[in-house]
Amino acid sequence: MLKTFKVGGIHPPENKLSAGAVVETLPLPEMVIIPVSQHIGAPAQIMVQKGDAVKVGTIIAKQTGFVSANIHSSVSGIVQKIEETFDTSGYRRKAIVINVDGDQWEDSIDQTTTLKTDIELSTSEIIQRISELGIVGLGGATFPTHVKLSIPSGKTAEILIINAVECEPYLTADHRLMLESPDEIMVGTTILMNALGVKKAVIGIEKNKPDAIAKLTETAKKYQGISVVPLKVKYPQGAEKQLIKAIFDREIPSGKLPIEVGAVVQNVGTAFAVYEAIQKNKPLIERIVTVTGKSVSKPSNFKVRIGTPVQKLIDHIGGLPKDTAKVVNGGPMMGKALRDLNVPVTKGTSGILILNKKLASRKEYVTCIRCGRCVTVCPMGLEPFLLMTHGELQMWGDAEKNHVMDCIECGSCSFTCPAHRPLLDYIRHGKSNVGKIMRNRK
Amino acid sequence: MNRKLIISPSPHVKGTDSVPSIMYGVVFSLLPALGIAIYFFGISALIVTLTAIGACVIFEFLIQKYLIKGKVTIFNGSAIITGLLLAFNVPSSIPIWMIIVGSLVAIGIGKMSFGGLGANPFNPALVGRVFMLISFPVNMTSFPANRFAQIDGFSGATPLSIAKGALKSGEPMSDIFDKVGNSLNHFVGNMEGSLGEISALFILLGGLYMLYRGIITWHIPVSIFLTVFIFAGSMHLINPEQYMPAMFHILTGGLFLGAIYMATDMVTSPMSTKAMLIYGVGIGALTMIIRTWGAYPEGISFAILIMNAFVPLMNRYIKPKRFGEEVKNG
Ligand code: SF4
Ligand code: SF4
């Protein structure tokens with residue numbers, strides 16, 4: 001029996017259309033827009049001015065506080081302006097706009113592609129370097145990696161879990177990375193193990209990527225302490241809590257972090273970025289982005305410089321298909337719909353999903369038939385139908401008592417409801433109100 | 001770029017099931033059982049069924065359109081199910097006007113008076129059936145001989161009522177067995193009974209289809225069957241002369257129809273699996289209590305209605321197990 005998490009979960013159609021598309025390097029754009037807040041935590045502080053010349057890898061914004069991340073220029077050129085723009089999450093953010101001129105890299109960066117396996121840095125140097133080079137979680141949550149690696153006193157990490165589940169339908173960025181850079185992932189994983197002081201790392205991959213499982217299992221043999229665990233396909237297995245449950249069979253208590261149960265989870269893309277940072281001294285300036293959709297003629301995976309406007313990726317696949325109704329940043333279950341296409345690719349952009357009218361439109365909802373399906377599929381063991389009622393009636397006290405804050409916003413409930421009820425919309429509303437009430441109480 | 005993009009929160013994809021697709025799935029799954037009813041009872045079974053369906057749909061339409069003056073939702077298929085299941089719970093010889101009255105009660109009182117689909121606490125078809133049982137006791141308890149009935153003097157009564165009467169008058173068990181027919185006949189449906197309840201086999205097929213489609217889960221039917229099996233089995237073990245064997249109780253009467261269709265009605269059954277199991281055990285136990293000691297030979301309808309009444313309470317106090325609730329981390 002393959003491992004998986006126990007409670008809830010769904011099987012949305014996988015639609016991994018771009019799984020066979022080799023990662024292509026997207027040509028340099030004429031201009032990049034680099035927001036200073038691409039991570040969870042405080043925005044970085046801008047270090048450049050209009051007119052400054054920058055190279056690839058020049059630091060352009062500095063982390064403020066511990067939970068924050070440095071931002072580097074992804075191109076060489078001249079800072080054209082600093083402005084407020086919308087980013088992919090739909091918020092207005094300060095961003096640095098750079099006009100591209102050539103492709104000059106900082107000398108400190110090793111641009112060769114030869115594999116470097118010897119790790120020369122010590123634990124603290126590794127964490128220091130990861131922090132300096134602006135590495136954040138690439139799975140989508142963009143939590144600064146150095147924060148996750150700094151274990152609070154009194155806790156110990158027992159296991160490093162590499163999240164290679166990619167359970168969101170359509171997305172294939174991690175899948176391609178595993179096929180194309182298995183050794184770099186292993187070295188990155190080893191570096192992370194050193195940083196955490198753990199002897200054991202487990203890479204969790206869902207069974208629907210047999211080629212990646214085979215490749216990494218083979219590659220892992222050359223490295224100490226790393227094993228690959230095939231997992232049953234079930235959404236949302238890539239959610240941290242569910243993944244730890246599946247692999248480590250431990251449940252993170254409500255409101256606590258993975259370290260509580262001795263686990264640290266890092267995305268497979270992050271492991272790769274860590275490899276490049278430590279072995280090649282390369283900051284996080286590019287990432288793999290899947291561009292896909294049912295009507296897209298050639299679903300693709302691109303290596304894209306951070307700050308490239310989404311429009312550029314769309315142009316490269318031949319423009320938006322005619323029947324496009326919605327463009328999503330990320331996967332269909334948890335991604336965000338884009339307002340317009342001039343927003344830039346950021347550290348957290350794993351895919352651009354183009355949906356046609358039929359897929360994009362919501363159906364009118366009817367009364368709850370109490371089928372209980374939302375309860376059955378909720379991976380957190382909540383009662384979404386009830387939380388929606390609390391949201392509708394603004395009963396925040398009851399919502400809190402029924403653990404609305406435990407919701408991980410995976411969308412399984414809304415996906416499943418046969419009455420098409422917008423459960424998660426109301427639950428989010430509940431979460432934000434209950435969150436406010438809880439903060440005021442403190 | 002002046003194309004208007006749709007902005008809405010995630011998730012951006014949706015499962016394929018809808019209320020109508022579920023309801024018509026249930027209707028579809030009931031067709032084999034309807035077929036076998038027509039086979040055993042003739043065309044009257046079909047007439048009664050179609051009348052009940054028609055009446056339920058029309059009453060729902062009239063009430064929604066003219067009484068409530070709200071949205072008409074007769075196409076979602078739920079009224080069809082109520083009609084089908086009501087018909088399945090009456091003898092095929094029922095006078096047509098009675099089934100029409102029963103349909104009115106099922107839809108009008110059982111469903112619409114509470115606010116329609118989703119708001120009714122009791123299974124509407126059972127509300128209709130129990131109303132008919134109380135109002136028309138003679139017609140509701142005399143069953144036509146099916147066309148293959150070949151056992152002497154075997155007509156007009158179901159195996160359950162024959163057994164109950166015979167046990168009361170102290171007939172020896174071997175004679176009773178001769179009268180009620182064997183388990184194989186019970187299983188395929190060659191026995192007296194309400195038109196849709198006779199064939200355990202065909203109801204089971206429908207149930208498996210619903211299970212496959214994810215319309216029902218195993219929890220409620222299995223807990224009912226197990227409870228009845230254990231209850232009846234232990235009574236029979238204690239006194240084999242006074243109590244019928246477990247398989248007899250499982251295969252006769254309305255247990256299959258009740259456990260697989262009537263008790264699993266989404267609206268009136270509990271939400272969490274824990275509560276479903278308790279609900280199933282309750283139905284099984286109450287059914288056996290009524291069958292053994294009650295005035296009626298069959299008790300599943302009452303048992304389900306009684307347990308329906310506890311569902312709101314169960315939903316309130318029996319919560320699903322939350323993630324990270326009890327932490328037993330090694
Ligand atoms: S979105 Fe929240 S409530 Fe809905 S299934 Fe996921 S965790 Fe449960
Ligand atoms: S899935 Fe939808 S219809 Fe079913 S109980 Fe939940 S909210 Fe109600």
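Trainee: About how many Å³ of space lie in the largest cavity?

Mentor: In this predicted model, local features need pLDDT of at least 70 and side-chain atom pairs count only at pLDDT 80 or more, while totals for chains, interfaces and linings use all residues, and side-chain values use heavy atoms, leaving out hydrogens and water. Residues are numbered from 1 along each chain as its sequence is written, and chains are lettered from A and ligands numbered from 1 in the order in which they are written. The whole structure has four cavities of 30 Å³ or more, a cavity being a set of points, on a 1 Å grid over the protein atoms alone, where a 1.4 Å probe fits but cannot get out. For the largest cavity, the space comes to about 300 Å³.

Trainee: Where does the largest cavity lie?

Mentor: Its lining divides into 15 nonpolar, five polar and two charged residues. Because both domains of chain B named here give residues to that lining, the largest cavity lies between domain 1 (19-140) and domain 2 (161-317).

Trainee: Which helices each supply at least two residues of the shell around ligand 1?

Mentor: Ligand 1 is surrounded by 13 residues (a heavy atom within 4 Å), with Cys378(A) and Cys407(A) among the closest. The helices, both in chain A, are H13 (412-416) and H14 (423-441).

Key
Helices (H or I, at least four residues) and strands (E, at least two) are DSSP runs, numbered from the N terminus. On a 1 Å grid over the protein atoms alone, a cavity is a set of points where a 1.4 Å probe fits but cannot get out, and a pocket is an open set with protein on both sides within 12 Å along at least five of seven lines; lining residues have an atom within 4 Å of a point. Grid points are joined across faces, edges and corners, and a volume is the space filled by probe spheres set on the points. Ala, Val, Leu, Ile, Met, Phe, Trp, Tyr, Cys and Pro count as nonpolar, Asp, Glu, Lys and Arg as charged, and the others, Gly among them, as polar. Domain bounds come from an automatic or database domain assignment.
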